[in-house]
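Subject: Handover of a structure and notes on its contents

Dear colleague,

Please find the structure below, together with the notes that I prepared on it. I would be grateful if you could read the two side by side.

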Amino acid sequence: MARANSDLTAAARIRDAALREFAARGVAATSIRDVARAARVSPGLVQHHFRSKAGLRRAVEDLVAQRAVEAFGQQFDERSVAELSSRISAKISDFIRENPDVFAYIGRSLLEGDRAGIALFEGFLRLARTQIDRLRATRLLRADLDPEWTALHLVLIDLGAYLLEAGINRFLGESLRSEHALARMERATVQLFVQGVFRAGAGATGAKAAPRNARPEAAPAGAPSVSRAPAV
């Protein structure tokens with residue numbers, strides 16, 4: 001949990017101010033003077049501790065990575081699927097609740113899509129993939145699961161919630177970061193991964209998905225033609 005400003009060193013206060021400013025404005029739009037003003041120090045003191053804005057951003061990235069590893073790097077020991085899913089969902093909600101500035105910075109950094117933002121995204125994917133590999137070793141996961149896309153789904157569901165936060169808030173009629181909304185997201189995420197969205201046995205009578213390389217059926221005479229994008 002974040003410490004009170006009075007407990008932080010000058011360098012840490014500057015770094016935390018940079019975290020908030022970068023999250024609110026974006027890195028490119030934030031100057032050393034903006035950070036100094038937010039931290040209530042001189043621009044010279046910022047440069048004394050971090051040399052440049054690039055050095056300041058590295059310090060912010062290190063903090064974000066440290067918080068992420070602390071939250072998601074440890075091995076989960078739960079032996080049932082329901083317990084495991086609940087534990088992971090609770091960890092994600094706790095991370096958002098206890099690190100709102102870090103969570104906001106992650107979203108902004110990913111939106112900017114620069115080298116540091118991509119590196120941050122890859123770091124979260126590595127954390128997710130590590131957990132997936134651990135779970136495969138315990139045989140809690142299906143053998144035919146695609147590990148890369150499973151990691152992507154975990155990260156996209158959670159980080160994507162921030163990227164679309166304004167729309168989600170409007171859709172839900174409440175803040176995504178409210179206690180009620182976080183608890184609701186936890187339950188829905190557990191249901192999605194553990195139970196899925198279809199009723200038991202529904203797939204037995206439902207239509208099967210077409211093979212990836214299957215040719216489309218011929219359109220009825222007179223039907224408008226639809227152009228197809230090239231396969232990727």
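Some conventions come first. The model is predicted, so that local features need a pLDDT of at least 70 and side-chain atom pairs count only at pLDDT 80 or more, while totals for chains, interfaces and linings use all residues. Residues are numbered from 1 along each chain as its sequence is written, and side-chain values use heavy atoms, with hydrogens and water left out.

Overall composition

The protein chain contains 11 helices and 0 strands; helices (H or I, at least four residues) and strands (E, at least two) are DSSP runs numbered from the N terminus. Of its 232 residues, 33% count as buried. Here buried means under 20% relative accessible area, exposed means over 50%, and partly exposed lies in between (1.4 Å probe, protein chains only). Among contacts (heavy atoms within 4.5 Å) between residues at least 6 apart in sequence, 62% join residues at least 24 apart.

Confidence

The predictor's confidence in each residue is given as pLDDT, from 0 to 100. The protein chain averages a pLDDT of 79, and 79% of the residues score at least 70. Helix H2 (residues 32–39) has the highest mean, at 97, and helix H11 (residues 202–205) the lowest, at 55. Over residues 1–7 the pLDDT is below 50, and this stretch has 3 contacts in the model beyond near neighbours in sequence. Residues 214–232 also have a pLDDT below 50, with 2 contacts beyond near neighbours in sequence. Where pLDDT is low, the predicted coordinates should not be read in detail.

Helix packing

Two packed helices are described by the angle between their axes and the distance between the axes. Axes are lines fitted to C-alpha atoms, for helices over the stretch in contact, and angles run from 0 to 180 degrees between N-to-C directions. Angles under 35 degrees count as roughly parallel, over 145 as roughly antiparallel, 65 to 115 as roughly perpendicular and the rest as oblique. A crossing is left-handed if the near helix is turned anticlockwise from the far one by less than a right angle, and right-handed if clockwise.

The axes of helix H1 (residues 10–25) and helix H6 (residues 100–112) come within 8 Å and cross at roughly 45°, so H1 and H6 are oblique to each other. Their crossing is left-handed. Residues making this contact include Leu19 and Phe22 of H1, and Val102 and Tyr105 of H6.

Helix H7 (residues 115–137) packs against helix H8 (residues 147–163) at an angle of about 125°, with the axes 9 Å apart. H7 and H8 are therefore oblique to each other, and the crossing is right-handed. Among the residues that meet are Phe121, Leu125 and Ile132 in H7, and Leu152, Val155 and Leu159 in H8.

H7 also contacts H4: the axes of H4 and H7 come within 11 Å and cross at roughly 15°. That angle makes H4 roughly parallel to H7, and H4 passes H7 in a right-handed crossing. Val69 and Phe72 of H4 are among the residues in this contact, as are Phe124 and Leu127 of H7.

Individual residues

Valine 69, in helix H4, counts as partly exposed because its relative accessibility is 48%. Leaving aside neighbours within four places in sequence, valine 69 is in contact with Gln74 and Leu127. Valine 69 and leucine 127 are 58 residues apart in sequence, and their C-alpha atoms are 7.6 Å apart in space.

Leucine 84 is placed in helix H5 (residues 81–98) and counts as buried, at 6% relative accessibility.

Most residues other than glycine have a negative phi. Arginine 40, in the loop between H2 and helix H3 (43–50), has a positive phi near 60° and counts as exposed, at 79% relative accessibility. Arginine 51, in the loop between H3 and helix H4 (53–72), has a positive phi near 70° and counts as exposed, at 71%.

Yours sincerely
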